[in-house]
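Me: Got a two-chain model open here and want a quick walk through it. Can we start with what counts as a contact, then go on to the rest?

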Amino acid sequence: MTEITWRLGSSSTNAALTMPELEPWELHFVQLRSFYRLEDDWDGLGGSAPLAGVVDTAFALLTAFQKHPDVEAPSRVIASPSGSVIFEWQTPDGHRLEAEISEPGLVEYCLKQLGTDPVFWEEPLPDRRKKPSWGRSSTAVTSEAA
Amino acid sequence: MGAVVYGRDFRSRLGRFIHRLIAFVPHMSEDDPIGPDEWLLRRVPNRQPDYFNPALAVPVASAAFAPTKYDTDGISFFRELFVAPETVSMSGTKPPYIVVRLRSSGIVALGMTPTATPDKAGLPGHVSLPELAYIPKPTEGERKRQTGFRLGLVEIAVAVIVPTAV
């Protein structure tokens, strides 16, 4: 069993350039709010806008993570062209954890290490009182401040 | 503007000429199979700041390879032998786009089959990736398979054009 130490919390450089005053969590909430305003074909390539229920779930998830002391801000927050919202945490050596919300109320997690097959699992929205159950996968994941 | 476009496309034509010399191919058309050494270009949305972050070890977001409802034959790439990255960046309805480049052999090594699908109405050198075709209601297995492909593609993608965020 491999143990990965996540060095999370670095927010997007581009985003930091555009909104330098904001902390990473704040920045991600601002980004999430902007997803409500997205319209179909927001990217000019036919991308679908996320449903409001999907963004609601993303808000609930981000809020739950923010309140948890062991979880750092995601490395990025994305509205995908297929209409889902994706949170990504990334380590300096390229290991990634994605939480994707494609439908309201359900979060799909995917852990991917460079050059290996990804590991998947699904969960309903996390209980705020409990630690995130990332350790359920075949790879134990812990969090550490960057 | 025309001269600039000519300059961009000239680079691709020169690349094609060199490729033909090396491969002993007298003529090359958009229908020809894609060589393992060819570079394929992909447009990445520039409307959200997190799609490309050079500070991260894997700078490109996997969502850059997610199909839209129009990608029924698979997501689109363009052969660099037929079109320049600058032209790809400035195409589409909301340019400029970020452009990333992937080696064809790298995509094949991930288990996918880049296929030449010329589109007379669009940019030259159009390529589809059928493994990442739009599926209206994907099964859990299909969704995981596509996510796995997307996460693999970002590991071999190299940004060649990063315009200022729109």
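Me: How many residues of chain B are in contact with chain A?
Reply: 31 residues of chain B are in contact with 35 residues of chain A.

Me: Which element of chain B gives the most to that side?
Reply: Helix H4, residues 140-156 of chain B, gives the most, with five residues.

Me: And how does that side of chain B split by class?
Reply: The side of chain B that touches chain A has 16 nonpolar residues, eight polar and seven charged.

Me: What ipTM and pTM does the predictor give the complex?
Reply: An ipTM of 0.84 and a pTM of 0.82.

Me: OK, per chain now. What is the average pLDDT of chain B?
Reply: Chain B averages 90, and 92% of the residues score at least 70. Residues 1-6 of chain B are below 50. Beyond near neighbours in sequence, that stretch has one contact in the model.

Me: And chain A? What is the average there?
Reply: Chain A averages a pLDDT of 78, with 71% of the residues scoring at least 70.

Me: Where in chain A does pLDDT stay under 50?
Reply: Over residues 1-18, for which the model has 55 contacts beyond four places in sequence. Also over residues 128-146, with 45 such contacts. Where pLDDT is low, the predicted coordinates should not be read in detail.

Me: Fold next. How many helices and strands are there in chain B?
Reply: Four helices and six strands. From the N terminus on, the order in chain B is α-β-β-α-β-α-β-β-α-β.

Me: What about chain A, how many helices and strands?
Reply: Chain A has three helices and seven strands. Along the sequence, the pattern of chain A is β-α-α-α-β-β-β-β-β-β.

Me: What is the radius of gyration of chain B, and what would a compact globule have?
Reply: Chain B has 16 Å. A compact globule of 166 residues would have a radius of gyration near 15 Å, so the value for chain B agrees. The C-alpha atoms of chain B fill a box of roughly 45 × 35 × 30 Å, taken along the principal axes.

Me: What share of chain B is buried?
Reply: 42% of the 166 residues in chain B. For chain A, buried residues make up 44% of 146.

Me: And what share of the contacts comes from residues 24 or more positions apart?
Reply: Counting contacts with a separation of 6 or more, 78% in chain B. In chain A, on that count, 55%.

Me: Which residues of H4(B) are buried?
Reply: B:Gln146, B:Thr147, B:Gly148, B:Phe149, B:Arg150, B:Leu151, B:Gly152, B:Leu153 and B:Val154.

Me: What do they pack against?
Reply: The buried residues of H4(B) pack against S4 and S5 of chain A, together with strand S3 (98-103) of chain B.

Me: Switching to H3(A). Which of its residues are buried?
Reply: A:Val54, A:Val55, A:Thr57, A:Ala58, A:Leu61, A:Leu62 and A:Phe65. They cover an arc of only 155° around the axis, so they sit on the same side of H3(A).

Me: What is on the face turned away?
Reply: The exposed residues A:Ala52, A:Gly53 and A:Lys67.

Me: And what covers the buried residues of H3(A)?
Reply: The cover includes helix H2 (24-35), strand S3 (85-90), strand S4 (96-103) and strand S5 (106-112) of chain A.

Me: A:Leu32 next. Where is it found?
Reply: In helix H2 of chain A.

Me: Why does A:Leu32 count as buried?
Reply: Because 21 other C-beta atoms lie within 10 Å of A:Leu32, and the cut-off for buried is 20 or more.

Me: What is A:Leu32 in contact with, leaving aside neighbours within four places in sequence?
Reply: A:Val55, A:Ala58, A:Phe59, A:Leu62 and A:Val77.

Me: Last one, A:Gln113. Where is its place?
Reply: In the loop between S5 and strand S6 (119-124) of chain A. A:Gln113 counts as partly exposed, with 17 C-beta neighbours inside 10 Å. A:Gln113 and A:Arg96 are 17 residues apart in sequence and 6.3 Å apart in space, C-alpha to C-alpha.

Methods:
Residues are numbered from 1 along each chain as its sequence is written. Chains are lettered from A and ligands numbered from 1 in the order in which they are written. This is a predicted model: local features need pLDDT of at least 70, side-chain atom pairs count only at pLDDT 80 or more; totals for chains, interfaces and linings use all residues. Two residues are in contact if their C-beta atoms, placed from the backbone, lie within 7 Å. Helices (H or I, at least four residues) and strands (E, at least two) are DSSP runs, numbered from the N terminus. Ala, Val, Leu, Ile, Met, Phe, Trp, Tyr, Cys and Pro count as nonpolar, Asp, Glu, Lys and Arg as charged, and the others, Gly among them, as polar. The radius of gyration is taken over C-alpha atoms; the globule rule is 2.2 Å times the number of residues to the power 0.38. A residue is buried if 20 or more other C-beta atoms lie within 10 Å of its own, exposed if 12 or fewer, and partly exposed in between; C-beta atoms are placed from the backbone. The arc is that of the directions from the helix axis to the C-beta atoms. pLDDT is the predictor's confidence in each residue, from 0 to 100.
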